[in-house]
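This report goes through some side-chain features of one protein model. Please keep the sequence and the structure at hand while reading.

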Amino acid sequence: MSLERESATAGHWTEKQYRQAFRSESTARIVLVSEAALPRASGLKSGAGSSILGFLVAQHLAPEWELENLVVAPRARGRGLAKRLLNALLAAAKKTNSTAVFLEVRDSNAAARSLYEKAGFKQVGRRYSYYTSPSEDAILYRRTLD
Ligand SMILES: CC(C)(COP(=O)(O)OP(=O)(O)OC[C@H]1O[C@@H](n2cnc3c(N)ncnc32)[C@H](O)[C@@H]1OP(=O)(O)O)[C@@H](O)C(=O)NCCC(=O)NCCS
């Protein structure tokens, strides 16, 4: 949540929404996390005390997947982490025999739009004034899985 709060253009969920999202009876989701590698000398086991650099959340709405959120920490941007998270989602979605991944993004979010377009997403629609604070159109993207 603290990572997401650092990024104005990320999707913002309340703690309750995150908790509900991860309840076993809720919609199937994939959560992918990028963590900073710990120095061997730290003596910590994998996962303990590590620092999360980014994450992706997607939900399965069979036969498609919706990318709900993707955030990389400001200090870790421009190193290909988002590209790796997105490619991992596409690979995982293919394994579920799904047909497509779709998402929406703020019109002005040039970094994210470039990321999606390079990954083969096509613009399929626009929702006028979909976002608030500030008000802005949402651009809908879809990537078919072949
Ligand atoms: C969008 C975001 C996830 C990109 O993360 P990142 O790890 O820096 O991205 P990558 O290093 O993997 O870059 C992959 C591609 O994204 C695009 N991109 C990333 N940063 C960019 C920038 N500042 N300007 C333009 N394009 C950019 C480029 O196409 C890049 O490909 P390239 O390296 O061949 O130029 C990150 O900026 C972020 O967390 N933003 C705030 C949250 C957000 O807006 N999430 C999207 C919600 S829909």
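## Helix α4

In this predicted model, helix α4 covers residues 110-118, and its buried residues are A112, R113, L115 and Y116. Viewed down the axis of α4, these buried residues fall within an arc of 160 degrees, so they line one face of the helix. A110, A111 and K118 are exposed on the other side of α4.

An α-helix has 3.6 residues a turn, so residues three or four places apart point the same way.

## Salt bridges

The structure holds nine salt bridges. R113, one of the buried residues of α4, belongs to a network of salt bridges that also links D107, R126 and D137. R5 and E4 form another salt bridge, with their closest N and O atoms 1.9 Å apart. E4 counts as buried because its relative accessibility is 0%, whereas R5 is partly exposed at 43%.

E104 and R127 meet in a salt bridge of 2.9 Å, N to O. This pair links distant parts of the chain, 23 residues apart: E104 is in strand β4 (residues 100-106) and R127 in strand β5 (residues 122-131). E104 is partly exposed at 24% relative accessibility, and R127 is partly exposed at 37%. Between E136 and R106, the closest N and O atoms of the salt bridge are 3.0 Å apart. E136 lies in strand β6 (residues 136-144) and R106 in strand β4, so this pair ties together parts 30 residues apart in sequence. Both count as buried, with relative accessibilities of 14% for E136 and 11% for R106.

## Aromatic rings

There are four aromatic pairs in the structure. The ring centres of W13 and Y18 are 4.9 Å apart and the planes stand at 50 degrees, so this pair is tilted. W13 is buried at 16% relative accessibility, and Y18 is buried at 11%. Y130 and Y131 form an edge-to-face pair, with 5.2 Å from centre to centre and 80 degrees between the planes. Y130 is partly exposed, with a relative accessible area of 39%, while Y131 counts as buried at 19%.

The charged end of R127 sits over the ring of Y130, 5.3 Å from its centre.

## A nonpolar surface patch

F22, V31, V33 and I52 form a nonpolar patch on the surface. Together they have about 330 Å² of accessible area. V33 is located in strand β1 (residues 29-35) and counts as partly exposed, at 43% relative accessibility.

Terms used
Residues are numbered from 1 along each chain as its sequence is written. This is a predicted model: local features need pLDDT of at least 70, side-chain atom pairs count only at pLDDT 80 or more; totals for chains, interfaces and linings use all residues. Side-chain values use heavy atoms; hydrogens and water are left out. Patches are made of residues with over 30% relative accessible area and no salt bridge: like charges are joined within 9 Å, nonpolar side chains (Val, Leu, Ile, Met, Phe, Trp, Tyr) within 5 Å. Accessible areas come from the Shrake-Rupley method with a 1.4 Å probe; for residues, only the protein chains shown count as cover. A salt bridge is a side-chain nitrogen of Lys or Arg within 4 Å of a carboxyl oxygen of Asp or Glu. Helices (H or I, at least four residues) and strands (E, at least two) are DSSP runs, numbered from the N terminus. Buried means under 20% relative accessible area, exposed over 50%, partly exposed in between (1.4 Å probe, protein chains only). Rings of Phe, Tyr and Trp (its six-membered ring) pair if their centres lie within 6.5 Å; planes under 30 degrees apart count as stacked, over 60 as edge-to-face and the rest as tilted. A charge sits over a ring if NZ of Lys or CZ of Arg is within 6 Å of the ring centre and within 35 degrees of the ring normal. The arc is that of the directions from the helix axis to the C-beta atoms.
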